[in-house]
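I opened a notebook for this structure. The entries below follow the order in which I looked things up.

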There are 2 protein chains.
Amino acid sequence: MPRTVDHAERRAQLADALVRVAARDGLHAVTMRAVAEEAGVSLRLVQYYFDTKAQLMLGALRHLETRSRQRWADRLAELPDPVPPRAFLEAFLAEALPTDDQSRVFHLVGTSYAALAMTDPDLATEPFTLGIDDLDRQLADALKRAQADGKLAPGLDVTIEAARLISLSHGLGTSVLVGQRTVDAATEIVNYHLNQLFP
Amino acid sequence: MPRTVDHAERRAQLADALVRVAARDGLHAVTMRAVAEEAGVSLRLVQYYFDTKAQLMLGALRHLETRSRQRWADRLAELPDPVPPRAFLEAFLAEALPTDDQSRVFHLVGTSYAALAMTDPDLATEPFTLGIDDLDRQLADALKRAQADGKLAPGLDVTIEAARLISLSHGLGTSVLVGQRTVDAATEIVNYHLNQLFP
DNA sequence: ACGTACCATATACAGCTGTATCATAATACG
DNA sequence: CGTATTATGATACAGCTGTATATGGTACGT
């Protein structure tokens, strides 16, 4: 056997390089050569770890989703343990909106992938829906807890509210990235929304 | 002069062909040759009417926006003249969600363009923000009228509500196109939202 | 009538793309 | 210690891309 190298780590490096290229120049500018150069390796190496471009794209998408979960878990770890529902939702919204550079990159590249997935059936269902469904459940749980504590406005449907929060934050995120709204304006809207839920 | 031909119409035909290709195979599959073939003309003709590819892309985006405005105006024309605010908002949401094929195409291609615009400054500001800002105003006006008539829930900020409606519908639209939600589920959410505004 | 301005086609070209091939370095194990 | 296995490199190739060139037709103003 040769200089045994951690494949998972190498693939992660390449996936990160892809994300950097996509965030800077757009997902359409992602080529195997561009990824290789960004990662500082030869073209052949990219071929070696991701046989084909389709697998490279898919692998990077999965990697992006993993990174995002990690980031979300880290943020949750900083909150007090029985986390107050409203603080939980605020954390989610802060994470979902492109406030800092990392979430900006995530939203930008994620949206580009989503656009791809709309016409490419190989990409579509798996990595997207799963992550969001999970988030959906977490948000609904937090809302349910708030409702049980009587902190929520009366007559709300928690599952619909969860879906509404996700859709709203996603729509706001794109509007920010497209330059239509500032981050502050978007934040004002989500605060307004939260204030309607928590009177 | 030669066989005088309506330039605007020819460009519209080509733009439509581009949109068809983008809706079927994705915006990344749009090439000058693909557009030419889809429109049933020669490659050179596409070059003739849109000198460069960048202009073709921009022209098609503008055309898409025009088509969308036209569609919106047509729908408004079918409503009674002092249109009831709630009916107005329902019309907007029905139009914004990818319910029929035309709005599906519009949302799909529009989202792909939005993803492009996030990294391509030449595409960004103009055609997007303008159309949405206009819509924003119309929605805020309708809400203002409803508020003046006392039909709205108390304590609502109409400009924020307008922005919320647009962001929500956009986020829901993408979730539908990505296969995460059905159209019916999305419709249920927007109805729920409207019911909160109009008690 | 006719040639000039416009519309359209066919084809060429250089560059980039994904993929395949050939070659080579490095190392863990028998 | 040598050899099979893994990891990297250099390069070739066919296809597609945007753009440029060269050429043909056609309707009108004069």
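Predicted model: local features only at pLDDT ≥ 70, side-chain atom pairs only at ≥ 80, totals over all residues.

Entry: I placed A:Glu126 in helix α7 of chain A.

**Entry: chain A as a whole.** I listed the elements next. Chain A has nine helices and zero strands. Along the sequence I read the pattern α-α-α-α-α-α-α-α-α. The C-alpha trace spans about 60 × 40 × 30 Å along its principal axes. Of the 199 residues of chain A, 36% count as buried. I then looked at contacts between residues at least 6 apart in sequence. In chain A, 60% of these join residues at least 24 apart.

**Entry: α8 and α9.** How do helix α8 and helix α9 of chain A cross? I took α8 as residues 158-177 and α9 as residues 183-197. Their axes come within 9 Å and cross at roughly 165 degrees. Therefore α8(A) is roughly antiparallel to α9(A). I noted the crossing as right-handed. From α8(A), the contact uses A:Glu161, A:Leu168, A:Ser169, A:Leu172 and A:Val176. From α9(A), I found A:Val183, A:Ala186, A:Ile189, A:Val190, A:His193 and A:Leu197. Sorted by class, that contact has eight nonpolar, two polar and one charged residues.

**Entry: α4 and α6.** I turned to helix α4 of chain A, residues 53-77, and its crossing with α6(A). The axes come within 11 Å and cross at roughly 145 degrees. This crossing is left-handed. On the α4(A) side I noted A:Leu61, A:Leu64, A:Ser68 and A:Arg71. On the α6(A) side I noted A:Gln102, A:Phe106, A:Val109, A:Gly110 and A:Tyr113. The classes here are five nonpolar, three polar and one charged.

**Entry: the core.** Which residues touch the most other members of the largest nonpolar core? I found A:Leu18, A:Val109, B:Leu18 and B:Val109. That core holds 102 residues. A:Val109 had already turned up in the α4(A) and α6(A) contact. For A:Leu18 I set aside neighbours within four places in sequence. A:Leu18 is then in contact with A:Val30, A:Val35, A:Leu56 and A:Ala60.

**Entry: where the chains meet.** I counted 36 residues of chain B in contact with 36 residues of chain A. On the chain B side, α6 (101-117), α7 (125-148), α8 (158-177) and α9 (183-197) each supply at least two residues. The largest share, eleven residues, comes from α8(B). The chain B side divides into 17 nonpolar, 15 polar and four charged residues.

**Entry: a methionine at the meeting.** Last, I looked up A:Met118. It is found in the loop between α6 (101-117) and α7 (125-148) of chain A. A:Met118 is buried, because 25 other C-beta atoms lie within 10 Å. Across in chain B, A:Met118 touches B:Leu108, B:Leu177 and B:Val178.

Conventions:
Residues numbered from 1 in each chain as written. Chains lettered and ligands numbered in written order. Helix = DSSP H or I, 4+ residues; strand = E, 2+ residues; numbered from the N terminus. Buried ≥ 20, exposed ≤ 12 C-beta atoms within 10 Å, placed from the backbone. Contact = placed C-beta atoms within 7 Å. Core = buried A, V, L, I, M, F, W, Y, C linked by C-beta atoms within 7 Å. Nonpolar A, V, L, I, M, F, W, Y, C, P; charged D, E, K, R; others polar. Axes fitted to C-alpha atoms, helices over the stretch in contact; angles between N-to-C directions. Parallel < 35°, antiparallel > 145°, perpendicular 65-115°, else oblique. Left-handed = near helix turned anticlockwise from the far one by under 90°.
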